[in-house]
Amino acid sequence: MAVGPRALEVTGLHVPGRLARAREWWEQEHVFGYGLIVPALLLLTCLVAYPFGMAIYFSLSDYWVGSPGGFVGLANYRDILANDVFRQTIQNSFVFTGIALTLKTVLGVWLALLLARDMRFKRLIRGAVLLPWVIPTALSTLGWWWMFDSLYSVVNWTAIRLGILSPPGPNWLGQSAYAMAAVITVNVWRGLPFFAITVLVSIPREFHEAAEVDGAGPWGRFWHVTLPLLRPVLAVVILFSTIFTFSDFNIVYVLTRGGPVNMTHLFATLAYQIGLNGGNLGQGAAISLFLFPLLGAVVFLQLRYIRKE
């Protein structure tokens, strides 16, 4: 029985049809490539570029909550530089980031080397190491807040029983030096898995085993084989960790809210206190953007180093 052209089109056998033409257009390399990039560009524009642009606008204007202000140039930056609390915050941020980043780097590499060894329940142990990084920051920090509590401190109780401290023990969150030590401890505890697991998957087992066969000792294998091959990976991890540590908010806000006497304030917590709690969005934005040029330079230098490596 003969089938006419109209019947072929109705039954979907007519070539090519609208769907086929649309598919052919979509599968063109330049169309398909831009199609994959557009969702990411939309997310970056809405969640990064637009808020960043608004922050720059706020930092250059006398803008308060509910009261749009006019353009004031760099006046907000001059005002915060004259503020003693802000100058203390700069010192706090560099001390916090420097100590925490050093501890995470050293302990992260050491932990990665331990996890790289053959041991029983290796996968279970590696999964357990990730828990501090997986648990929501605010939730885990609440647990540390209880552990450092002045009346029910598990840390003090344990240290007193072990003979490390004498009763009643320090007020961890009420004394400036101890409060900074507490927030650094929690930051290191949370960031350590990121370092350890990233370095772990990059440890060159073949080169390590070859050096061991050649008679190199543990220190020689680490210094001459493992560390040179890990430098590009460590550069990337340190770059991201530097940015995340400088901009930390949850740990400090939950534990100390910047106290005692502003001795644990970081840029994020002070910007929140002045910009949202105090309503001065202009100065809050200026505080949050103050280190942007420095961090931009760090990112540029780190990326140049990574490309050379």
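# A walk through the helices and loops

In this predicted model, Trp172 has a relative accessibility of 15%, and it counts as buried because the cut-off for that class is under 20%. Trp172 belongs to an aromatic cluster, together with Trp144, Phe148, Tyr178 and Trp189. The chain holds 18 aromatic pairs. One of them joins Trp172 to Tyr178 in an edge-to-face arrangement, with ring centres 5.3 Å apart and 80° between the planes. Tyr178 has a relative accessible area of 35%, so it is partly exposed. In this pair, then, Trp172 is buried while Tyr178 is partly exposed.

A second aromatic pair is made by Phe249 and Tyr272. Their ring centres lie 5.4 Å apart and their planes meet at 65°, so this pair is edge-to-face as well. Phe249 sits in the loop between H12 and helix H13 (250-255), whereas Tyr272 is part of helix H14, so the pair ties together parts that are 23 residues apart in sequence. Phe249 is partly exposed at 23% relative accessibility, and Tyr272 is partly exposed at 26%. Another aromatic ring, that of Tyr253, has Arg257 over its face, at 4.3 Å from the ring centre.

These details sit within a chain of 16 helices and zero strands. Of its 309 residues, 35% count as buried. Among the contacts with a separation of 6 or more, 66% are between residues 24 or more positions apart.

Ser153 lies in the loop between H8 and helix H9 (154-161). With 7% relative accessibility, Ser153 counts as buried. Leaving out neighbours within four places in sequence, Ser153 is in contact with Trp146, Met147, Phe148 and Trp172. Of these, Phe148 and Trp172 are members of the aromatic cluster described above. Ser153 and Pro168 are 15 residues apart in sequence, and their C-alpha atoms are 10.0 Å apart.

Helix H8 itself spans residues 137-147 and contains Thr141. Is Thr141 buried or exposed? Its relative accessibility is 1%, so Thr141 counts as buried. Beyond residues up to four places away in sequence, Thr141 touches Val186, Ile251, Val254 and Leu255. Another threonine, Thr242, is found in helix H12. Thr242 has a relative accessible area of 10% and is therefore buried. With the neighbours up to four places away set aside, Thr242 touches Thr97 and Leu101.

H15 is mostly covered, with eight of its nine residues buried. The buried residues are Leu281, Gly282, Gln283, Gly284, Ala285, Ala286, Ile287 and Leu289. What do the buried residues of H15 pack against? Their partners are H3, helix H4 (75-81), helix H5 (84-115), H14 and H16.

Several of these helices return at the largest pocket. Its volume is about 630 Å³. The lining consists of 23 residues, and Ser247, Ser288, Leu289, Phe292 and Leu295 lie nearest the centre. Helices H3 (29-59), H12 (218-246), H14 (267-277), H15 (281-289) and H16 (292-308) each contribute at least two lining residues. Which helix gives the most to the lining? H14 does, with six residues. By residue type, the lining divides into 18 nonpolar, five polar and no charged residues. Leu289, one of the residues nearest the pocket centre, is also one of the buried residues of H15.

The loop between H13 and H14 has some backbone features to check. Most residues other than glycine have a negative phi, and most peptide bonds are trans. Against that background, the bond joining Gly259 and Pro260 is a cis peptide bond, with omega about -5°. Pro260 lies in the loop between H13 and H14. Val261 is in that loop too, and has a positive phi near 55° without being a glycine. With 72% relative accessibility, Val261 counts as exposed, because the limit for that class is over 50%. Asn262, also in the loop between H13 and H14, has a positive phi of about 65° although it is not a glycine. Asn262 has 26% relative accessibility and so counts as partly exposed.

Conventions: Residues are numbered from 1 along each chain as its sequence is written. This is a predicted model: local features need pLDDT of at least 70, side-chain atom pairs count only at pLDDT 80 or more; totals for chains, interfaces and linings use all residues. Side-chain values use heavy atoms; hydrogens and water are left out. Helices (H or I, at least four residues) and strands (E, at least two) are DSSP runs, numbered from the N terminus. Buried means under 20% relative accessible area, exposed over 50%, partly exposed in between (1.4 Å probe, protein chains only). Contact means heavy atoms within 4.5 Å. On a 1 Å grid over the protein atoms alone, a cavity is a set of points where a 1.4 Å probe fits but cannot get out, and a pocket is an open set with protein on both sides within 12 Å along at least five of seven lines; lining residues have an atom within 4 Å of a point. Grid points are joined across faces, edges and corners, and a volume is the space filled by probe spheres set on the points. Ala, Val, Leu, Ile, Met, Phe, Trp, Tyr, Cys and Pro count as nonpolar, Asp, Glu, Lys and Arg as charged, and the others, Gly among them, as polar. Rings of Phe, Tyr and Trp (its six-membered ring) pair if their centres lie within 6.5 Å; planes under 30 degrees apart count as stacked, over 60 as edge-to-face and the rest as tilted. A charge sits over a ring if NZ of Lys or CZ of Arg is within 6 Å of the ring centre and within 35 degrees of the ring normal.
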